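Hi everyone, thanks for coming.

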Amino acid sequence: MNPNKALWEKGDFTRIAASMRTSGEELVSGLGITRGLKVLDLGCGDGTTALPEARLGADVTGVDIARNLVEAGSRRAQAAGLTNCKFREGDACDLLGLEDGTFDLVVSIFGAMFAPRPFDVARAMVRVTRPGGRIVMGNWIPNDPTLVAQILKISSAYTPPPPEGFVSPMAWGVESQVIERFTSAGVPKEKISFFRDTFTFHHPGAPEALLAEFRDYYGPTMNAFEAADKAGRKKALERELRVLFESQNRSGKQDVTAIPATFLRVTVLC
Ligand SMILES: C[S@@+](CC[C@H](N)C(=O)[O-])C[C@H]1O[C@@H](n2cnc3c(N)ncnc32)[C@H](O)[C@@H]1O
């Protein structure tokens, strides 16, 4: 099986997405979405940003490589009565089945960054965006001191080195790399802009409880725990992550979690 697909179908990302709804809605509210806008939400998961886009009246297609998340997103849209929000399985590397120039706006929040072959991903996103349309990506930043970059960094220290030729998803958080990828897809450099934004993870329990969700349901962290367990280092990984989650909690309470994480917001005008 495609290892990229297997990674995201392994756990249950809906458990993590539950902590991301507020920031997802806030982000979407600033995208200038109007009724009837054709939006592709790529790497949509269970619809953290796709559903709010549809609530604003956009005609939304959510695409994700993980079948379980496509199903979960469809159920959420149906339960919310959002007939203008459809989900389907697909790969950001090629976006097969999506016509050229279809979308006014392509949104990918911590989604397309996880697909292999980043140059193909940039080309596919540009291809399906109409001339004059926009692409908005949210990408975690390598070595950033905040939550997700640190989870991935700590986890990688407990996992075997990736296969040769593997390109880190975190490279999408480096401006020069993003420019190289989109310019090679035909976008002039001046049409690519960046700013640092914040996404806050909210959980009704203690930071340790949010960490347990990552440990048990988030593919990359699950893999790190499996590898650490085999190497007899599971407790060390758990300890390191607990310190991280607790030290980053800004809720002001020990039994409630609010952890802000910095990301690179990329806007591309096609
Ligand atoms: C960190 S989750 C983010 C999900 C969602 N955008 C959100 O903010 O809740 C990453 C998502 O990207 C999806 N993904 C990973 N590789 C992909 C690929 N090659 N094509 C499409 N989706 C992909 C995963 O299945 C997962 O749903």
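The largest cavity has a volume of about 460 Å³, where a volume is the space filled by probe spheres set on grid points that are joined across faces, edges and corners. This is a predicted model, so local features need pLDDT of at least 70 and side-chain atom pairs pLDDT 80 or more, while totals for chains, interfaces and linings use all residues. Residues are numbered from 1 along each chain as its sequence is written, and side-chain values use heavy atoms, leaving out hydrogens and water.

What is a cavity here? On a 1 Å grid over the protein atoms alone, a cavity is a set of points where a 1.4 Å probe fits but cannot get out; a pocket is an open set with protein on both sides within 12 Å along at least five of seven lines; and lining residues have an atom within 4 Å of a point.

How many residues line the largest cavity? There are 33, and Gly43, Asp64, Ile109, Phe110 and Gly111 lie nearest its centre. At least two lining residues come from each of α1, α2 (14-17), β1 (38-42), β2 (59-64) and β6 (192-203). Helices (H or I, at least four residues) and strands (E, at least two) are DSSP runs, numbered from the N terminus. The lining divides into 22 nonpolar, seven polar and four charged residues.

So where is the ligand? The ligand sits in the largest cavity, meaning that more than half of its atoms lie within 2 Å of the grid points. Around the ligand are 20 residues, with Asn4, Gly43, Asp64, Ala92 and Ile109 the closest; a residue counts if one of its heavy atoms lies within 4 Å.

Now for the polar contacts, which are pairs of N or O atoms within 3.5 Å. In the side chain of Asn4, an N or O atom is 2.8 Å from a nitrogen atom of the ligand. A backbone N or O atom of Gly43 is 2.7 Å from a ligand nitrogen atom. For Asp64, a side-chain N or O atom is 2.6 Å from an oxygen atom of the ligand. The ligand alone exposes 590 Å², and the protein buries 99% of that, using the Shrake-Rupley method with a 1.4 Å probe.

Finally, the largest pocket holds about 1100 Å³ of space. Among its 33 lining residues, Leu7, Pro162, Phe166, Pro169 and Pro220 are closest to the centre. The largest share of that lining, six residues, comes from α1.

Methods: Polar contact = N/O pair within 3.5 Å; in protein donor to acceptor, adjacent residues only side chain to side chain. Nonpolar A, V, L, I, M, F, W, Y, C, P; charged D, E, K, R; others polar.
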